[in-house]
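Please keep the sequence and the model side by side while reading.

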Amino acid sequence: MRKIKSGIYGLNPILDGGVNENSTTVVIGRSGAGKTTLATQFIRRGLQDGQEGVFVSLDENKEQIIREAVEMGWSDILDYLEDELLVFIDASGREFSNFIRKELPAFVADWKGSNARIVIDPLTPVLWSVKDLYEQRDLIGYMFKQTRKVGTVLCTLEEHGQADLAGPETVIPMYLADCVVHLKFNSDDADPSRLLKIVKCRNSRHSPTSHAFQIVRGLGIVVDGRDGRKPATVRAPAQFRQLLQTRAMPKKVRDHLEKALDGLTDEDFRGLKPEDVLDLILQEYPGE
Amino acid sequence: MARGLGRALQQAVSRDGLEADLDAGGRSLANGRRRQVFRYLCLRPCARVGDVGRDLSISQATVRWHTWDLVENEYLQIEGARVFPSGLIEPTDAALFVALASTGRADILSAAFDVPGISLQELAARVRLSRQSVSKIATELADFGLVRLIEDGRYRRVHPTDLLVRKREANHARADAFGEALLRRLADEGLAPELLRRDETALLLRFGAGGRRVVLEVPLDPYATAWKRSS
């Protein structure tokens with residue numbers, strides 16, 4: 001899967017090189033956590049590479065977001081708007097839900113294969129426009145599936161109440177998205193702190209830990225991208241390969257396992273002993 | 001890849017495909033208002049003209065005008081004073097849909113599903129009708145087999161039946177055929193229909209003429225949608 005640069009300094013290393021192209025990312029955080037700043041950096045990076053950008057604002061108006069971008073030092077946004085490489089769309093959650101149900105299929109049919117960056121900020125009003133949880137899941141799942149066909153999508157999601165990410169408003173998009181980024185903002189202390197954690201990222205060896213980040217004028221979000229992980233080692237996969245040569249098993253099983261080991265590191269085994277794993281696998285094929 | 005995706009998305013988000021007229025005079029569903037009326041009657045067959053006009057914010061005279069056009073062109077079928085989409089429901093169920101479209105029936109049926117075994121007294125408070133009116137309507141719904149009335153000491157309790165669930169399941173094949181016939185009909189009229197999405201509850205079509213195309217969602221689940229107030 002091709003990786004594209006996120007535009008957020010320090011984020012690419014902990015995302016295993018960048019954002020997967022034609023994927024959906026959900027960024028979750030409380031008010032003030034930096035969601036819109038992150039989304040603006042993401043879309044601006046694409047514009048610098050010649051990708052089209054669409055910023056769907058379901059909450060704040062276009063002028064406010066543009067003003068904040070210019071105050072951040074990103075006045076090139078105005079040029080992109082002038083050239084229509086960047087388009088802002090103001091809509092209510094209900095309007096956007098109606099668009100997903102009735103217009104999105106036709107839109108995707110016309111623009112399939114495009115390579116835009118699309119931001120939906122925030123996704124929360126779309127969820128609120130549908131009361132039934134089953135319908136919410138159906139609507140969001142359908143939107144993610146379709147919008148991936150026209151570009152790489154980033155949605156922000158408001159975090160309310162306890163920061164445990166367990167409410168249905170966060171669980172449904174988190175479950176359906178390809179990548180989930182949690183921005184934790186502790187504004188209560190005298191010394192406010194910000195942390196970023198990759199909750200999940202399909203098809204990536206992402207960092208498992210939380211990373212401090214700052215919002216710097218002119219640069220935007222800067223993440224401490226050092227993840228503290230040791231360099232990748234392959235002791236467990238090598239041991240597993242040796243076991244494949246010494247243990248009796250059907251040829252098709254051996255061939256399959258040989259192939260499955262390609263590219264694995266010790267981190268993938270997460271402490272499992274190769275001999276124990278092989279025993280478990282061979283229990284599946286007794287007497288073969 | 002061609003530029004202009006953002007502008008096209010902006011137009012699509014703000015577009016109301018139901019209201020736009022197509023440059024295709026003489027063909028029923030080329031008219032935006034007529035499509036709205038047709039869609040509404042797919043959602044709630046046999047709805048009263050007053051309810052259609054109120055929910056779509058158009059005058060009753062306009063609703064009647066478009067309804068007659070749709071009947072003349074056989075998109076709708078007439079039964080007594082009410083109309084329903086031709087081929088979408090079992091014609092003998094027209095009386096059932098007429099009942100569901102009458103004042104208070106949908107609310108009382110919804111309440112019976114929400115609180116199975118609800119007493120007539122509780123039901124009256126919930127739907128804000130007199131106990132006598134609720135009793136009369138509940139008896140009518142029971143005559144259709146939609147609810148059962150069970151005596152419980154000094155209370156009469158209303159229990160929903162599975163009649164609508166059974167009818168809904170039995171109607172899937174008919175709804176499929178209805179969708180196919182609609183696609184053929186639009187094609188025959190030169191409106192070049194495209195099927196964008198199809199599931200058990202709706203069809204999403206795009207069609208048009210003269211360079212202009214509109215999207216129409218056609219509800220296909222009337223036994224579930226006729227008595228629910230969403231959508």
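A salt bridge is taken here to be a side-chain nitrogen of Lys or Arg within 4 Å of a carboxyl oxygen of Asp or Glu. By that rule, and bearing in mind that this is a predicted model, the side chains of D178(A) and R202(A) meet in a salt bridge with an N to O distance of 3.0 Å. D178(A) sits in the loop between helix 8 and strand 8 of chain A, while R202(A) sits in the loop between strand 9 (193-201) and strand 10 (210-216), so the pair ties together parts that are 24 residues apart in sequence. D178(A) also meets the side chain of R148(A) in a salt bridge, at 2.9 Å from N to O. R148(A) belongs to the loop between helix 7 and strand 7 of chain A, and D178(A) to the loop between helix 8 (168-176) and strand 8 (179-186), so this second pairing ties together parts that are 30 residues apart in sequence. As for cover, D178(A) counts as buried because its relative accessibility is 13% and the cut-off for buried is under 20%. R148(A), at 21%, counts as partly exposed, and R202(A), with a relative accessible area of 36%, is partly exposed as well.

Over all chains, the structure holds 30 salt bridges. One of them, in chain B, is formed by E90(B) with R174(B), whose closest N and O atoms are 2.7 Å apart. This pair links distant parts of the chain, since E90(B) lies in the loop between strand 2 (82-85) and helix 5 of chain B and R174(B) lies in helix 10 (residues 172-188), 84 residues apart. E90(B) is partly exposed at 29% relative accessibility, and R174(B) is partly exposed at 29%. Elsewhere in chain B, salt bridges that share partners join R44(B), R48(B), D51(B), R54(B) and D55(B) into one network.

How much of helix 5 (residues 94-101) of chain B is buried? Six of its eight residues are, so this helix is largely enclosed by the rest of the structure. The buried residues of helix 5 of chain B are A94(B), L96(B), F97(B), A99(B), L100(B) and A101(B).

Chain A has twelve helices and eleven strands, and of its 288 residues 49% are buried. Among the contacts in chain A with a separation of 6 or more, residues 24 or more positions apart account for 71%. T152(A) counts as buried because its relative accessibility is 0%, and a polar atom of its side chain lies 2.9 Å from the backbone nitrogen of N22(A). Leaving aside neighbours within four places in sequence, the residues in contact with T152(A) include V19(A), N20(A), E21(A), N22(A) and S23(A), together with A116(A), R117(A) and I118(A).

F96(A), in helix 5 of chain A, leads towards the other chain. F96(A) is buried, with a relative accessible area of 4%. Beyond its neighbours within four places in sequence, F96(A) is in contact with V56(A), L58(A), I120(A), V126(A) and M143(A), and also with V13(B) of the partner chain. The C-alpha atoms of F96(A) and L58(A) are separated by 8.1 Å, although the two residues are 38 apart along the chain.

Where the chains meet, the contact takes 29 residues from chain A and 21 residues from chain B. The area buried between them is about 2300 Å², and carbon and sulfur atoms give 63% of it. K102(A), E103(A) and W111(A) supply 25% of the area that chain A buries against chain B, more than any other three residues. Three salt bridges are counted between chain A and chain B, one of them joining the side chains of E84(A) and R7(B) at 2.6 Å, N to O. Six residue pairs are found in polar contact across this interface. On the side of chain A that touches chain B, the elements giving two or more residues are strand 4 (53-57), strand 5 (86-90), helix 5 (93-111) and helix 7 (133-147). The largest share, eleven residues, comes from helix 5 of chain A. By kind, the residues on this side of chain A divide into 17 nonpolar, four polar and eight charged.

Notes
Residues are numbered from 1 along each chain as its sequence is written. Chains are lettered from A and ligands numbered from 1 in the order in which they are written. This is a predicted model: local features need pLDDT of at least 70, side-chain atom pairs count only at pLDDT 80 or more; totals for chains, interfaces and linings use all residues. Side-chain values use heavy atoms; hydrogens and water are left out. Contact means heavy atoms within 4.5 Å. Buried area is the accessible area (1.4 Å probe) that two parts lose on being put together, summed over both. A polar contact is a pair of N or O atoms within 3.5 Å; within protein, one must be able to donate a hydrogen and the other to accept it, and residues adjacent in sequence count only if both atoms are side-chain atoms. Helices (H or I, at least four residues) and strands (E, at least two) are DSSP runs, numbered from the N terminus. Ala, Val, Leu, Ile, Met, Phe, Trp, Tyr, Cys and Pro count as nonpolar, Asp, Glu, Lys and Arg as charged, and the others, Gly among them, as polar. Buried means under 20% relative accessible area, exposed over 50%, partly exposed in between (1.4 Å probe, protein chains only).
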